[in-house]
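Biologist: Before we look at any single part, could you take me through this model slowly, and tell me what stands behind each word you use?

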Amino acid sequence: MKCRKCGEKASIHMRQHKLALCKDHFLEWIPEQTERFIKKYRMFTRGEKILVAVSGGKDSLSLWDILVRLGYQADGLYLGLGIDGGIEYSHESQRLTEKFARENNFKLHVVDIEREYGHSIPMLAEISHRGYGKPCAVCGLAKRHEMNRIARDLGYDVLATGHNLDDEAAVLFGNALHWSSEYLLRQGPVLPESDGLARKVKPLCRFYEREMTAYALARGIEYIYDECPFAEGSQQIYYKEALNQLETARPGTKLTFYIKFLEAKQSGELFVEKETDRKNLHTCPGCGQATSAPGLCSFCRMLEKAKAEAK
Ligand code: Q46
Ligand code: ZN
Ligand code: ZN
């Protein structure tokens, strides 16, 4: 197989795009495509300040690398969750993130949940009894809350995450299986800012996971291979496996599934937002973020509970 651009030996063959490229041209192709998606979905401009949520994994570190290469003002945010799981997951992911930032001279903000609130994510999960033994519900809540808070406090215009096509297709698959219209309405490459919450974007949402792994390796980015130990056995992984089977039989299935969904949504044919969905939001008296919960938002309520238990 030869590179389509230069005729040298190809190092990656992307059957779904009917495209083979050598290493150098692949390293050019990924940022070019990212730029195309940023423009197509109107994610942000070069005048805006971007905060990239980095976890030490291949997707978020590659995203940060690509945005800076493309000339965007992108700084990183690492959230210390305090997850050990026998592999010192948080410790190792932080070490690799800090190393990456240092070597590239990128600006990184590190926020440690335990230092900030007195409890790590697994501790908060235990106190609040959410999530049936898994801290993921608490973790998701805390991550969303902290990312919004820090973006607002430090004056960033937009929050970027490294979700790839495999992630997005798996979420879409789950939402479609349950016909969760509320989630389907909110899913997409851009979630506009609203009521004090930052705009959220996913510039890698059209790249296959395999392409992002290849990018990180070709670029020589050192990242954490292990997933968070709590990800094991999750629905998300199960959906990913199901989609991988479909993809093997019909290359391009995942991409078509996701893109056709975005097109249907944009055309307004499939989903209509109900007026009532937005009206019920108010400002949380604890933290100032928009919430639909009565009184304090779910995050502040969880902290209150933790404080009460600690007494
Ligand atoms: S939610 Fe759950 Fe993830 Fe948090 S505890 Fe780990 S697996 S990191 S995306
Ligand atoms: Zn080439
Ligand atoms: Zn709050």
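Modeller: The overall form comes first: for 311 residues, a compact globule would have a radius of gyration near 19 Å, and the chain has 20 Å, which agrees. That radius is taken over C-alpha atoms, and the globule rule is 2.2 Å times the number of residues to the power 0.38. Please keep in mind that this is a predicted model, in which local features need pLDDT of at least 70, side-chain atom pairs count only at pLDDT 80 or more, and totals for chains, interfaces and linings use all residues. Residues are numbered from 1 along each chain as its sequence is written, chains are lettered from A and ligands numbered from 1 in the order in which they are written, and side-chain values use heavy atoms, with hydrogens and water left out.

Biologist: What makes up the secondary structure of the chain?

Modeller: The chain has 13 helices and 10 strands, where helices (H or I, at least four residues) and strands (E, at least two) are DSSP runs numbered from the N terminus. Along the principal axes, the C-alpha atoms fill a box of roughly 70 × 50 × 40 Å.

Biologist: Why is asparagine 164 called buried?

Modeller: Buried means under 20% relative accessible area, exposed means over 50%, and partly exposed lies in between (1.4 Å probe, protein chains only). Asparagine 164 has 0% relative accessibility, and therefore counts as buried. Its place is the loop between strand S6 (158–160) and helix H7 (165–177). Leaving out residues up to four places away in sequence, asparagine 164 touches Lys58, Asp59, Leu204, Cys205, Phe207, Glu209 and Met212, contact being heavy atoms within 4.5 Å. Of the 311 residues of the chain, 48% count as buried.

Biologist: Why is proline 192 called exposed?

Modeller: Proline 192 has a relative accessible area of 53%, so it counts as exposed. This proline lies in the loop between strand S7 (190–191) and strand S8 (199–201).

Biologist: Which residues touch the most other members of the largest nonpolar core?

Modeller: A nonpolar core is a set of buried Ala, Val, Leu, Ile, Met, Phe, Trp, Tyr and Cys residues joined through side-chain atoms within 4.5 Å. The largest such core has 51 residues, of which Phe44, Ile50, Val52 and Leu67 touch the most other members. Helix H1 (residues 23–40) gives the largest share of this core, 6 residues. Apart from it lies another core, of 34 residues, including Cys228 and Phe299.

Biologist: How do you know which residues are around ligand 1?

Modeller: A residue is near a molecule if one of its heavy atoms lies within 4 Å of it. Around ligand 1 these are Ile83, Cys136, Cys139, Lys143, Cys228, Phe230 and Ala231.
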